[in-house]
Amino acid sequence: MKELEYPFDGSSIMRRKVAVKRELLSDGTPRIKKKIAVLGGSTTNHIVSLLELFLLNFGIEPEFYQSEYNKFYEEAVFGSPELDSFAPDLIYIHTTSRNLTMLPESPAEDEQQVSQRLEEQFGIFRQVWESLSQHFSCPVIQNNFELPLLRRTGSYDGWGVTGHSAFIQRLNVMLSDHARKNASFYIHDINYLSAVCGLEKWHDAEAWYLYKYAMSTSVIPDLAYSLACVIKSIYGRNRKVIALDLDNTLWGGVIGDDGQEGIEIGPETASGQSFSEFQRYIKGYKDYGVLLTVCSKNEEENAVLGLEHPSSVLRPSDFVSIKANWEQKDKNISETAEELSLGTDSFVFIDDNPAECAIVEGQLPMVRTVSFKDVHEAMYKLSRSGCFEVTSVSADDLHRSEMYAANAKRTAQQKNFSSYGDYLLSLEMKAEICGFLPVYISRITQLTNKSNQFNLTTRRYTENEIRQAGQSDDHICLCGRLEDKFGDNGIVSVVIGKCRNTELDIELWLMSCRVLKRDMELAMLDELVRLARSKGITRINGFYYKTPKNRMVSELYGSFGFKRDELKENGDSIWHLNINDYSNKNKVIKIKEQGEQL
Amino acid sequence: MNTNEIIKRLNEVFRDVFGDPSISVSPATTSEDIDDWDSIEHINLIAAVEDEFGMRFKMREVSGMKNVGEMIDIISERGK
């Protein structure tokens, strides 16, 4: 619902919350249900009402438990039967600087006394978290602390040993340290939020005295939204892609009219600098695993030309898809979504032209659009929107872009060819097929232990067994590495054959599914036959041992031209191939000669 | 601003806040007359009225108003 997307009209949402909730609940969206316990150090009712709306809009249907007023400590530490029976999926501790009980009282206190106070204050909260984690193994979100509005001593309050601002900032650092060391513990940064709203607006003494709200009711929507972003991030509801317009979005000017030398990007002009900063900001998202795509009305050639501008921070290779054409942008976004196997609800679309944003929104209501007057506004909206709120960073996140980029390019390429064979040829595949070189031993072992689908015998090996087979004269061992023009797939196939006089028994044949249908198995067979012949072997025996997962290769040997000798009741089968008149089958992969660089 | 005009705008606020388009307030209306008008929703009501009329109630007024009539009196004095 557009009304609940940042930037929103908080007071209107607050006023219309009953109607908004009704509308959300009747829109037929499938939502995941989550039980959220809110343990408050002040009133939480409207925070919960607004949080509910924002979560519903993020695809989460919450059920709430609220602690008794200001009983966050008691209910966490001494337990509560109501909380127990509620069995929360997530706990939010809504405390604020109003709940700090150990603030320094006299300017006469020394560093040691204040440190003692800090430890004690932190200890109260640590007790809460430890007790909660013992009782409930669920995510816990804890507010950090906002700075006070009033500073009796001015700037000194922020650095003097007994200053309250100083105390709060030191405490916040302790909270952050704790969060980094404890999985499933997250900080909700109201220190930032109160600053960005303005402490003058945030603090509202009357709201405290009248209702025991620790902040102005006018910022409750901001608090609830920011919290909803953390929660939906924990539940994997983040956006995943930024689709970007080019002209006047990534650079100033129109590349088609102004040419590469005419667009504004880089340090020469003020406007050029702002576009550089914008590009750096966007590139930072990519580093966190957000995929970048281009969606621009342009000639593709010009789009690339702009991105190859010497001052362009974003290069063509930073994008997993570049759609620069004269099609409708919503059509381009749908296509990109399909290529990446993602829903349009994963997309954020940024365009300086509000009309383009409106069209995309109209056609694809699940896409979040960001229009702007200057790129700083776009950066700010992107930041506050929480579309890419991070609650943890995985190794996969850091490499996601490269993986998607290569796959998307292969898929895109496939479309341009009428025959699959032509497509395979266009990939310019090169393979290195060799014995078990020491550098590959651990990858080979890993493959034998995790490949299930394209695996004929599903035999598992230890690193030692692989090493021994590799060095044995009675064995033919092959591993294959496949590269194409989009990237290196690494070692993807392993074959182990055992010699018995003039016959070879294939004990292991596996391939990684990431290179299915690329004819890599044919290249492996060619090489296996070549080596077998050189050892005087005339017949190769293949075995298929059926498992619940390897049905895709039950007829593999048949497709190679092997004859089936036996089909057992349990689905296992035995095959053989006479190799005297074998001729090579692989036509699309170039095989690297020994010692040649791929 | 005359009382009728205030009541008209106030009515919209009440309908929004309590999610009930059938609500019709008069100077005599009290919290007893509206089901969901409890101390919690009173907070939201006050914020919405303040927002609608561009004014703030004093603390004493927030907790002291006995009926909609008193609210109207304050609005006519300070509201926009």
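## Close-up views of a predicted two-chain model

**Figure 1. Chain B on its own.** A compact globule of 80 residues would have a radius of gyration near 12 Å, and chain B, at 11 Å, agrees with that. (The radius is taken over C-alpha atoms, and the globule rule is 2.2 Å times the number of residues to the power 0.38.) This is a predicted model, so local features need pLDDT of at least 70 and side-chain atom pairs count only at pLDDT 80 or more, while totals for chains, interfaces and linings use all residues. Residues are numbered from 1 along each chain as its sequence is written, with chains lettered from A and ligands numbered from 1 in the order in which they are written. Chain B has four helices and zero strands, so its elements read α-α-α-α from the N terminus on; helices (H or I, at least four residues) and strands (E, at least two) are DSSP runs, numbered from the N terminus. The C-alpha trace of chain B spans about 30 × 25 × 20 Å along its principal axes. Of the 80 residues in chain B, 25% are buried, meaning that 20 or more other C-beta atoms lie within 10 Å of their own; 12 or fewer makes a residue exposed, anything in between partly exposed, and C-beta atoms are placed from the backbone. Take the contacts in chain B between residues at least 6 apart in sequence: 61% of them join residues at least 24 apart. Contact here means C-beta atoms, placed from the backbone, within 7 Å.

**Figure 2. Where chain A meets chain B.** Each chain puts in its own set of residues: 14 from chain A and 14 from chain B. On the side of chain A that touches chain B, helix H1 (10-15), helix H2 (17-25), H3 and helix H11 (205-211) each supply at least two residues. The largest share of that side, four residues, comes from H11(A).

**Figure 3. Strand E1 of chain A and its partners.** Strand E1 (residues 32-40) of chain A runs parallel to strand E2 (residues 60-66) of chain A, and seven bridges join the two. Strands count as paired if DSSP finds at least two bridges between them. Look for Val38(A), whose bridge partner in E2(A) is Gln66(A).

**Figure 4. Phe136(A) beside Ile91(A).** Phe136(A) sits in the loop between helix H6 (111-135) and strand E4 (140-143) of chain A. Phe136(A) counts as partly exposed because it has 19 C-beta neighbours inside 10 Å. Ignoring neighbours within four places in sequence, Phe136(A) is in contact with Pro88(A) and Ile91(A). The C-alpha atoms of Phe136(A) and Ile91(A) are 9.0 Å apart, although 45 residues separate the two along the chain.

**Figure 5. An open, parallel sheet in chain A.** Five strands of chain A line up in the order E8-E7-E6-E9-E10, with parallel pairing. Strand E8 (321-325) and strand E10 (368-370) of chain A are the edge strands, each pairing on one side only. On average, neighbouring strands of this sheet are turned by 20° against each other, direction ignored; axes are lines fitted to C-alpha atoms, for helices over the stretch in contact, and angles run from 0 to 180 degrees between N-to-C directions. Strand E9 (residues 347-350) of chain A pairs with E10(A) in the parallel sense over three bridges. Phe349(A) finds its bridge partner in E10(A) at Thr369(A).

Figure 6. The peptide bond from Tyr6(A) to Pro7(A) is cis, with omega near 0°, and Pro7(A) belongs to the segment before H1 of chain A. Ser184(A) is a non-glycine residue with positive phi, near 65°, in the loop between helix H8 (164-181) and strand E5 (185-188) of chain A. Glu428(A) is another non-glycine with positive phi, near 50°, found in the loop between helix H20 (420-426) and strand E11 (430-434) of chain A.

How values were computed. Contact = placed C-beta atoms within 7 Å.
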